[in-house]
Each structure stands twice: as structure tokens, then as C-alpha cells.
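This briefing goes through one protein model, part by part. Please look at the sequence and the structure below before reading on.

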Amino acid sequence: MLAVLAAGCSDALTLDAPALSGADARACAALMAALPRRVADQPRRRVDDGGGHAAAWGDPAIELRCGVARPPGLDRFAACQVANGVGWFIPDRQQTGRPEDITMTTVGRAQNVEVRVPARYFPPVETMVDLAPALKRTIREVRPCV
């Protein structure tokens, strides 16, 4: 029986996600429960997040991590993009207009949520729109993206 359980876990994608506590852990757990089954028309995957809060869709995987640190370059002068009511920061060096891997982070939310979008799903707007309802319901906006 144990061998069957171990074999069943091997298809989980391993993602590093920060260990959280208190309000951060509660908000990120609520987000995990609210996330859609499909993002960018890709099915949700099983994830081993090491006790953090992470999710993934498709292969190659669109990866989401909740409760991450503020990314370098995200300051009060950084540009942000709004899709379906959620602000996102994408580093300038990744805004080439060509398909490439993109790491985007929510802007102005109580907890930072990072999403890595492989070039296959370029442009990332479909991912942004698909994630927005769950983000708006669970991760409190503290400052709008301007």
C-alpha cells in the first residue's frame, strides 16, 4: 500500500513557496481554495509546495506563489498593468513584446502573489484575467495600481 501512495505522489510539481503565518497564511490559504481549475486554458496541476502556498497549471507550468517578497524594481516609480481590476508588475527587461518567460507580481495587495508565465502562454493577459476573480476575493487591496 505504501508503494502505491509514493508512486501516486510522483506526478506532483515541486514549487518553493514561502512558509507563512498569521494573516498572510490565512489570506494565501483562501487564495489557494479560490483559484480556478483552468488558467490560460490549462488544467490545474498537483503541487508539492513544501508547506507554503503555491499552485500550477499546464505543462510547461504557469506557477503561482503567494506571500513572496517584493521583487527588485517594484518601487513607487515602477509601471504596473491592470487586468480585470488587479495590478501587476512585470520587470522592464521582460517587457519586450516578444514571447518569453515572464515573472509578474501583484501590485498594491496585502500579500504579494508571484506568477511565472512560460513564453508558450504569451502574452500573459489571459493568465492575469483568469486569476483576477480569486485574487480580488481573497487578497485585500491596500493601494491601487497607478
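Helix H3 bends by about 40° at Ala132, and a proline, Pro133, follows within four residues. The model is a predicted one.

**Helix H3**

- H3 covers residues 125–138, which makes 14 residues.
- From its first C-alpha to its last, H3 reaches 20 Å, close to the 20 Å expected at 1.5 Å a residue.
- The buried residues of H3 are Thr127, Met128, Leu131, Ala132, Ala134, Leu135 and Thr138. Ala132, where the helix bends, is therefore one of the buried residues, meaning under 20% relative accessible area.
- An α-helix has 3.6 residues a turn, so residues three or four places apart point the same way.

**The sheet as a whole**

- In what order do the strands of the open sheet stand? The order is E2-E3-E5-E6-E10-E9-E8-E7, eight strands with antiparallel pairing.
- Strand E2 (38–39) and strand E7 (81–83) stand at the edges with a single partner strand each, so one side of each has no neighbour in the sheet.
- In a regular strand the side chains alternate between the two faces of the sheet.

**Strands E3, E5 and E6**

- Strand E3 (residues 42–45) runs antiparallel to E5, and two bridges join them. Arg44 has Trp57 in E5 as its bridge partner.
- Strand E5 (residues 54–57) pairs with E6 in the antiparallel sense, over four bridges. In this pair, Ala56 has Glu63 of E6 as its bridge partner.
- E5 and E6 form a hairpin, with four residues between the two strands. Gly58 lies in the turn and has a positive phi of about 75°.
- How many residues of strand E6 (residues 62–68) are buried? Seven of its seven residues are buried, and the strand is described as mostly covered.

**Strands E6 and E10**

- E6 and strand E10 (residues 112–117) run antiparallel and are joined by five bridges.
- Arg65 has Glu114 in E10 as its bridge partner, and Leu64 stands opposite Val115 in E10.
- E10 is mostly covered, with five of its six residues buried.

- E9 pairs with E10 in the antiparallel sense over four bridges. Ile102 stands opposite Val117 in E10, and Thr103 stands opposite Arg116 in E10.
- E9 and E10 also form a hairpin with four residues between them. In that turn, Gly108 has a positive phi of about 75°.
- Strand E8 (residues 86–89) is joined to E9 by three bridges, and the two run antiparallel. Across this pair, Trp88 stands opposite Thr106 in E9.
- Strand E9 (residues 102–107) is mostly covered: five of its six residues are buried.

**The largest pocket**

- The largest pocket holds about 260 Å³ of space.
- Which residues lie nearest its centre? Of the 17 residues that line the largest pocket, Leu74, Asp75, Arg76, Val107 and Arg143 lie nearest its centre.
- The lining of the largest pocket has nine nonpolar, three polar and five charged residues.

Notes
Residues are numbered from 1 along each chain as its sequence is written. This is a predicted model: local features need pLDDT of at least 70, side-chain atom pairs count only at pLDDT 80 or more; totals for chains, interfaces and linings use all residues. Side-chain values use heavy atoms; hydrogens and water are left out. On a 1 Å grid over the protein atoms alone, a cavity is a set of points where a 1.4 Å probe fits but cannot get out, and a pocket is an open set with protein on both sides within 12 Å along at least five of seven lines; lining residues have an atom within 4 Å of a point. Grid points are joined across faces, edges and corners, and a volume is the space filled by probe spheres set on the points. Ala, Val, Leu, Ile, Met, Phe, Trp, Tyr, Cys and Pro count as nonpolar, Asp, Glu, Lys and Arg as charged, and the others, Gly among them, as polar. Buried means under 20% relative accessible area, exposed over 50%, partly exposed in between (1.4 Å probe, protein chains only). Two strands pair if DSSP finds at least two bridges between them. The expected span of a helix is 1.5 Å times one less than its number of residues. The bend at a residue is the angle between axes fitted to the seven residues ending there and the seven starting there.
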